[in-house]
Amino acid sequence: MERIYNFSAGPAVLPREVLEQASDELMNWHGCGMSVMEMSHRGKEFTSILEAAEADLRTLMAIPANYKVLFLQGGATLQFAQVPMNLLAGGSADYIVTGDWSKKACKEAGHYGTVRQVVTTEADGFTSFPTWSGLDLNPDAAYLHLCTNETIRGVEVLDFDSLPTAVPLVADMSSHILSRPMEVSRFGLIYAGAQKNIGPAGVCLVLIRDDLLGKAAVGTPTLLDYAVQAENHSMLNTPPTFSIYMAGLVFKWLIRQGGLAAMEQVNIKKAGLLYDVITRTGFYHNPVQPAFRSRMNVPFTLRDPSLDETFLAQARQHGILQIKGHKSVGGMRASIYNAMPLEGVQALADFMADFEQKHG
Ligand SMILES: *Cc1c(COP(=O)(O)O)cnc(C)c1O
């Protein structure tokens with residue numbers, strides 16, 4: 001069967017080449033006579049897979065040497081708790097709330113200590129990112145948390161140069177990590193669940209600066225202590241071996257594409273195709289302020305919502321699937337991560353233009 005164009009927000013499309021390679025290697029990885037799923041996580045085969053994944057990620061993101069790379073479990077959602085457990089150290093943290101995910105992160109962190117919601121854009125429907133200048137930030141905060149791409153509303157921080165520098169920044173980058181070059185050193189900690197732009201579900205990536213290790217609160221489960229995980233190279237217990245292997249294949253694929261600068265160029269083009277159709281007339285609508293429109297998640301509504309079901313049914317006939325919007329927002333959402341080819345986005349843009357012609 002021919003594959004469809006999968007616009008799911010996550011778990012999301014994976015590169016075809018990566019799936020083909022995984023399929024080729026499934027029964028017998030590199031002549032060792034077994035699948036990656038069946039290997040001891042402490043054996044030399046899996047150790048080489050983990051080491052290559054980390055090395056390739058370090059190359060791709062130009063991760064400075066004073067950052068640890070951790071492959072953890074529990075998804076980004078566990079990081080909402082694990083971050084304050086490890087970093088609050090009896091102090092207070094500031095949270096910027098710009099969408100559903102940062103709102104959840106802020107709420108969860110409140111269970112572990114003192115947390116201040118510095119600002120929320122909820123009253124405007126989460127359609128922008130606040131300007132930093134007017135914010136009442138705590139210069140003594142243990143950290144400042146933000147979500148640099150809000151997956152549900154499609155709000156992205158594209159300008160990292162304007163980020164404050166006074167306290168360590170902690171960023172949830174689940175849905176746009178690896179979409180463009182990003183200066184890791186601007187952040188104290190970066191986390192990202194894998195199933196959007198990294199690989200299959202089951203592994204969560206954490207990049208943490210060395211000086212933030214070793215501050216976990218008393219009572220933090222050993223498995224959730226970043227310092228212990230770092231000392232044990234993410235192998236304190238059995239890691240999600242197959243997910244890490246798949247992530248490693250994706251990293252190699254990204255390097256073959258020319259790295260993150262090359263991905264950024266394609267991603268700009270892909271997002272441009274959709275926003276052009278959406279903003280051309282009033283038939284489609286995206287409420288996000290133009291400067292913050294996400295290149296990864298493009299939500300939009302139809303002027304006439306009674307056409308939604310027809311739109312979805314006809315999209316399906318064109319091989320365009322998983323494009324229904326998040327239940328809290330309605331309408332549509334096209335997630336166009338790295339693995340979504342330009343042809344897929346072009347097919348969607350053409351379909352949208354055609355649909356508008358017939359129904360506008
Ligand atoms: C998907 C997502 C999450 C939740 O990820 P899980 O891995 O399901 O816990 C958190 N933050 C953002 C920005 C996301 O896109």
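This is a predicted model: local features need pLDDT of at least 70, side-chain atom pairs count only at pLDDT 80 or more; totals for chains, interfaces and linings use all residues.

The protein as a whole is divided into domain 1, residues 16–256, and domain 2, residues 258–359.

**The two domains**

- The C-alpha centres of domain 1 and domain 2 are 27 Å apart, and the contact between the domains draws on 26 residues from domain 1 and 25 residues from domain 2.
- Together the two domains bury about 2200 Å² between them, and 58% of this area is on carbon and sulfur atoms.
- On the side of domain 1, the residues that lose the most area to domain 2 are Thr 127, Ile 152 and Glu 156, which together account for 22% of what that side buries.
- Across the interface of domain 1 and domain 2, zero salt bridges are found.

**Helix α6 against helix α7**

- Helix α6, residues 241–256, and helix α7, residues 259–280, have axes that come within 7 Å and cross at roughly 75 degrees.
- Because angles of 65 to 115 degrees count as roughly perpendicular, α6 is described as roughly perpendicular to α7.
- At this crossing, Trp 253, Leu 254 and Ile 255 of α6 meet Gly 259, Leu 260 and Met 263 of α7, and the residues of the contact divide into five nonpolar, one polar and no charged.

**Helix α7 against helix α9**

- Helix α7 also packs with helix α9, residues 342–359, at an angle of about 5 degrees and with the axes 9 Å apart, and the two helices are therefore roughly parallel to each other.
- The residues that make this contact include Leu 273, Leu 274, Val 277 and Ile 278 of α7, together with Val 345, Leu 348, Ala 349 and Met 352 of α9.
- Sorted by class, the contact of α7 with α9 has ten nonpolar residues, one polar residue and four charged residues.

**Salt bridges**

- The structure holds 18 salt bridges, and one of them joins the side chains of Arg 16 and Glu 2, with a distance of 3.9 Å from N to O.
- Arg 16 lies in helix α1, residues 16–25, while Glu 2 lies in the segment before β1, residues 5–6, so the pair ties together parts that are 14 residues apart in sequence.

**Backbone details in the loops**

- Most residues other than glycine have a negative phi, and most peptide bonds are trans.
- His 30 has a positive phi of about 45 degrees although it is not a glycine.
- Gly 10 and Pro 11 are joined by a cis peptide bond, with an omega of about -10 degrees, and Pro 11 is placed in the loop between β1 and α1.

**Arg 42 and its surroundings**

- Arg 42 is found in the loop between α1 and α2, and, once its neighbours within four places in sequence are left aside, Arg 42 is in contact with Thr 47, Met 235 and Leu 236.
- Arg 42 and Cys 147 are 105 residues apart along the chain, and their C-alpha atoms are separated by 34 Å.

Key. Residues are numbered from 1 along each chain as its sequence is written. Side-chain values use heavy atoms; hydrogens and water are left out. Axes are lines fitted to C-alpha atoms, for helices over the stretch in contact, and angles run from 0 to 180 degrees between N-to-C directions. Helices (H or I, at least four residues) and strands (E, at least two) are DSSP runs, numbered from the N terminus. Angles under 35 degrees count as roughly parallel, over 145 as roughly antiparallel, 65 to 115 as roughly perpendicular and the rest as oblique. Contact means heavy atoms within 4.5 Å. Ala, Val, Leu, Ile, Met, Phe, Trp, Tyr, Cys and Pro count as nonpolar, Asp, Glu, Lys and Arg as charged, and the others, Gly among them, as polar. Domain bounds come from an automatic or database domain assignment. Buried area is the accessible area (1.4 Å probe) that two parts lose on being put together, summed over both. A salt bridge is a side-chain nitrogen of Lys or Arg within 4 Å of a carboxyl oxygen of Asp or Glu.
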